[in-house]
Amino acid sequence: MKYVRKVLQTHGKKGLATISPSDIGIITPYRKQVQKIRKALDRVGKDLKPDMNSLKVGTVEEFQGQERRVIMVSTVRSVEKDKQSDNLGFVKNEKRFNVAVTRAKALLIVVGNPRLLNKDPAWKKFIQYCRDEGGYTGVPPAEEDGDLTMPLAALSIDN
């Protein structure tokens, strides 16, 4: 929720907010995650006071044919479990990937485990493009950092 807060607190000329909740969409592959994100947004809305009901949260299919100024994509499946790390589920579907990363008019934020996402060719290409263009922040590439325990522990989307 840190990213939502930052985007909503961005101010333009004369101190006015430049992005409203209706300008933001959050895409996640799972309906259960939609519910969890919606609950977290309710807490953010109480802190910031905007009407968060106009901020759309939904699955990839719900965003088909729609655009928002800001899109945040949560790749919630990107957790390695019991050596099934190649199983990316919905996140691996190329059509869903394409819809998810092409809904933003101005800003796209993807939250996920890049080490796991890199196992899929489309995600790997996308992550490399972001790195090459200076649009990547977060966990360093595998060749730069061997142990992820500390960097991952420091990341939090609950803030």
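Along the sequence, the protein chain runs α-β-α-β-α-β-α-β-α-α-α. That comes to 7 helices and 4 strands. The model is predicted. Buried residues account for 36% of the 159 residues in the chain. Take the contacts between residues at least 6 apart in sequence: 71% of these join residues at least 24 apart. The chain exposes about 10000 Å², and 50% of that area comes from carbon and sulfur atoms.

**Helix H6**

H6 covers residues 121–132. Its 12 residues reach 16 Å from first C-alpha to last, close to the 16 Å expected at 1.5 Å a residue.

Which residues of H6 are buried? They are Ala122, Trp123, Phe126, Ile127 and Cys130. These residues lie on the same side of H6, because they cover an arc of only 130° around the axis. An α-helix has 3.6 residues a turn, so residues three or four places apart point the same way. The other side of H6 holds exposed residues: Pro121, Lys125, Tyr129 and Asp132.

At the start of H6, Asp120 places a side-chain oxygen within 3.2 Å of the backbone nitrogen of Ala122. Ala122 is also one of the buried residues of the helix. What follows H6? Gly134 does, with a positive phi near 80°.

Note on methods:
Residues numbered from 1 in each chain as written. Predicted model: local features only at pLDDT ≥ 70, side-chain atom pairs only at ≥ 80, totals over all residues. Heavy atoms only, no water. Helix = DSSP H or I, 4+ residues; strand = E, 2+ residues; numbered from the N terminus. Expected span 1.5 Å × (residues − 1). Buried < 20%, exposed > 50% of the residue type's maximum accessible area, 1.4 Å probe, protein only. Arc of directions from axis to C-beta. Polar contact = N/O pair within 3.5 Å; in protein donor to acceptor, adjacent residues only side chain to side chain. Contact = heavy atoms within 4.5 Å. Areas by Shrake-Rupley, 256 points an atom, 1.4 Å probe, with all protein chains shown as cover.
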